[in-house]
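Visitor: I'd like a friendly walk through this protein. Could you show it to me before we talk?

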Amino acid sequence: MKNFKRVFLVVMDSVGIGEAPDADKFNDTGADTLGHIAEHMNGLHMPHMGQLGLSNIREIKGIEKAEKPLAHYTKMQEASNGKDTMTGHWEIMGLHIEQPFRTFPDGFPPELIEALEEKTGRKIIGNKPASGTEILDELGEEHMNTGALIVYTSADSVLQIAAHEEIISIEEQYRICEIARELTLDEKYMVGRVIARPFIGKPGAFERTSNRHDYALKPFGRTVMNTLQDEKYDVIAIGKISDIYDGEGVTEAIRTTDNDDGMTKLVESMDKDFNGLSFLNLVDFDAKYGHRRDPQGYGEALEAFDKRLPEVLEKLQSDDLLIITADHGNDPVHHGTDHTREFVPLVVYHTSINDGTEIPLRNTFADIGATIAENFQVTKPEFGKSFLNEIRK
């Protein structure tokens with residue numbers, strides 16, 4: 001068969017499928033995102049992913065193993081030294097990250113906070129890992145009374161700055177984040193993203209707005225998205241994809257509000273006559289349920305995703321390719337609130353598959369990027385081995 005005209009790549013953020021061989025090095029022995037959620041739910045109801053072959057990768061409670069899977073399937077092991085969103089996504093597009101991004105479980109170093117205060121002219125409060133909603137309840141009123149910046153982090157490599165839109169204008173909030181981004185470019189910090197977190201409302205009823213803005217590091221090298229753009233292919237980035245790559249290689253960026261909106265935007269992209277890649281990240285699995293250690297909410301979100309899958313499958317044309325995977329784990333019953341070092345599923349579907357089969361284990365996420373590069377006949381990344389020929393039939 002000919003190469004595919006359009007590739008739809010869906011990253012189910014944090015949907016790991018069991019501990020990686022090196023999980024012990026990351027304090028993640030026993031992590032199993034999908035397995036533990038299925039146990040908590042007394043079985044996951046995901047019939048469409050089941051038909052594609054999810055339970056053929058490894059059996060998952062409640063998801064029937066397909067006798068004749070509709071898709072090709074396997075699992076992938078992360079090769080880079082990390083387990084965060086940026087590392088996982090950058091590797092998917094052909095990079096290998098040796099130096100992990102830093103996280104700050106005890107808050108940011110005093111010298112960074114002092115420099116940020118000096119350059120912004122504002123006092124900083126918070127400076128600790130926290131939920132974005134809880135820290136507003138704790139410090140929002142003090143911020144409104146004093147104009148101090150609320151700075152906090154999470155289990156990810158992020159420096160987040162929250163401010164009320166009526167106290168500090170959006171323009172100034174963005175300028176402050178640009179200052180923070182410049183300060184954290186220093187290798188000793190290695191902060192993946194600085195995020196503006198504007199909010200409105202009154203004490204007891206604060207609400208974050210849609211004016212969030214991410215200031216990410218640029219990828220440490222050129223990705224397959226760059227080479228696609230160079231050769232005039234379309235690269236449609238849906239959800240936080242554009243932020244993750246700091247806009248590199250993106251020809252169109254589409255914002256989303258949640259997983260359901262992400263699926264809607266993906267389906268809408270399928271109505272476009274384009275030639276290239278449509279790349280979606282579904283962040284709710286990670287941000288709303290994994291980090292908050294909510295296996296019930298996570299399971300319900302997985303089932304909601306599965307309900308939307310038929311819309312995607314029905315719209316796939318004969319020269320379309322669908323790839324579903326993840327970027328790391330985030331086991332909601334594991335200790336702490338951090339990501340978990342796990343294998344991730346890889347499900348690959350197109351309408352010409354006669355019998356879905358298991359393809360060999362992938363030793364790096366970069367195999368996806370290599371496959372996309374070979375399909376569009378652009379420069380292949382240094383890392384990764386294409387599986388294009390293994391999925392054609």
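Here come some questions and answers about this structure.

Guide: Keep in mind that this is a predicted model, where local features need pLDDT of at least 70, side-chain atom pairs count only at pLDDT 80 or more, and totals for chains, interfaces and linings use all residues. Residues are numbered from 1 along each chain as its sequence is written, and side-chain values use heavy atoms, with hydrogens and water left out.

Visitor: Where does histidine 291 lie, and is histidine 291 buried or exposed?

Guide: Histidine 291 sits in the loop between helix 11 (284-290) and helix 12; helices here are DSSP runs of H or I with at least four residues, and strands are runs of E with at least two, numbered from the N terminus. Buried means under 20% relative accessible area, exposed over 50%, and partly exposed in between, using a 1.4 Å probe and protein chains only. Histidine 291 has a relative accessible area of 14%, so the label is buried.

Visitor: Which residue's backbone oxygen lies 2.7 Å from a polar atom of the side chain of histidine 291?

Guide: Look at what histidine 291 is in contact with (heavy atoms within 4.5 Å), leaving aside neighbours within four places in sequence: the list includes Asp286, His339 and Thr337. The backbone oxygen at 2.7 Å belongs to threonine 337.

Visitor: What is the relative accessibility of histidine 339?

Guide: Histidine 339 is in the loop between strand 12 and strand 13. Among its contacts beyond four places in sequence are Lys83, Asp286, His291 and His328, and the backbone oxygen of lysine 83 lies 2.9 Å from a polar atom of its side chain. Histidine 339 counts as buried because its relative accessibility is 1%.

Visitor: Which side chains does histidine 328 join through polar contacts of 3.4 Å and 3.2 Å?

Guide: A polar contact is a pair of N or O atoms within 3.5 Å; within protein, one must be able to donate a hydrogen and the other to accept it, and residues adjacent in sequence count only if both atoms are side-chain atoms. Histidine 328 is buried too, at 1% relative accessible area. The 3.4 Å partner is aspartate 13, and the 3.2 Å partner is aspartate 327.
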